[in-house]
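Here are my notes on this model. Please keep the sequence and the 3D view open while you read.

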Amino acid sequence: MATVHLHNTSGYAQEIRARTHRLTSDEPENNGGKDTGPAPYELLLAALASCTSLTLRMYADKKGWQLGSIKVDARFSRDDQGVETIERTIAFGETLSPEQRTRLAEICEKTPVTKTIRQGTAIQTQLQ
């Protein structure tokens with residue numbers, strides 16, 4: 001369903017290829033990197049935010065609802081006990097009815113990346 005390829009020759013900067021797209025991931029300078037791209041957790045949040053926006057847009061288009069712009073802010077945190085939380089805030093450029101807002105909130109909980117993160121996904125690793 002989805003595949004990425006990563007190559008690293010040295011340092012913390014990671015060259016990532018997804019289909020024909022190239023991007024870089026790195027750590028911020030205060031964590032030893034050169035800050036040449038988003039950190040891994042920022043990429044995770046970007047995946048969640050983009051999936052959320054895409055799914056809401058597709059749903060609204062099918063319903064004929066005008067959402068205007070969609071803004072998604074996502075924040076990852078870990079408390080002193082190691083409990084991890086993602087906070088997601090969504091805003092729309094158009095005024096929506098309470099019923100539309102309720103339904104869109106329900107759709108947010110059903111986006112593919114939301115479901116993957118919530119259920120956890122088995123990872124199988126092979127070293128070559």
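1. Start with two helices. The axes of helix 1 (residues 40-63) and helix 2 (residues 98-108) cross at roughly 135 degrees and come within 10 Å. Axes here are lines fitted to C-alpha atoms, for helices over the stretch in contact, with angles from 0 to 180 degrees between N-to-C directions. The crossing of helix 1 past helix 2 is right-handed. The rule: with the near helix turned from the far one by less than a right angle, anticlockwise is left-handed and clockwise is right-handed.

2. Which residues make this contact? Helix 1 gives T52, T55, L56 and Y59, and helix 2 gives R103, L104, I107 and C108. Contact means heavy atoms within 4.5 Å. Five of these residues are nonpolar, two are polar and one is charged. Ala, Val, Leu, Ile, Met, Phe, Trp, Tyr, Cys and Pro count as nonpolar; Asp, Glu, Lys and Arg count as charged; the others, Gly among them, count as polar.

3. A word on the source. This is a predicted model, in which local features need pLDDT of at least 70 and side-chain atom pairs count only at pLDDT 80 or more, while totals for chains, interfaces and linings use all residues. Residues are numbered from 1 along each chain as its sequence is written, and side-chain values use heavy atoms, with hydrogens and water left out.

4. Helix 1 also meets helix 3 (residues 112-119). Their axes come within 7 Å and cross at roughly 135 degrees. Helix 1 and helix 3 are therefore oblique to each other. From helix 1, the contact uses L44, A47, L48, C51, T52 and T55; from helix 3, P112, V113, T114 and I117. Seven residues of this contact are nonpolar, three are polar and none is charged.

5. Now the whole chain. Three helices and five strands are present. Helices (H or I, at least four residues) and strands (E, at least two) are DSSP runs, numbered from the N terminus. Their pattern along the sequence is β-β-β-α-β-β-α-α.

6. Two strands pair if DSSP finds at least two bridges between them.

7. Look closely at strand 2 (residues 14-18). Five bridges join strand 2 to strand 3 in the antiparallel sense. E15 has T24 as its bridge partner in strand 3, and A18 has H21. This hairpin has two residues between its strands, and R19 takes a positive phi near 55 degrees.

8. How many bridges pair strand 4 (residues 70-78) with strand 5 (residues 84-92)? There are nine, and the pairing is antiparallel. In strand 5, R88 is the bridge partner of A74, and T85 stands opposite S77. Five residues lie between the strands of this hairpin, and G82 in the turn has a positive phi of about 90 degrees.

9. Last, the overall size. The radius of gyration of the chain is 18 Å, whereas a compact globule of 128 residues would have one near 14 Å. This radius is taken over C-alpha atoms, and the globule rule is 2.2 Å times the number of residues to the power 0.38. Along the principal axes, the C-alpha atoms fill a box of roughly 50 × 40 × 30 Å.

How values were computed:
Angles under 35 degrees count as roughly parallel, over 145 as roughly antiparallel, 65 to 115 as roughly perpendicular and the rest as oblique.
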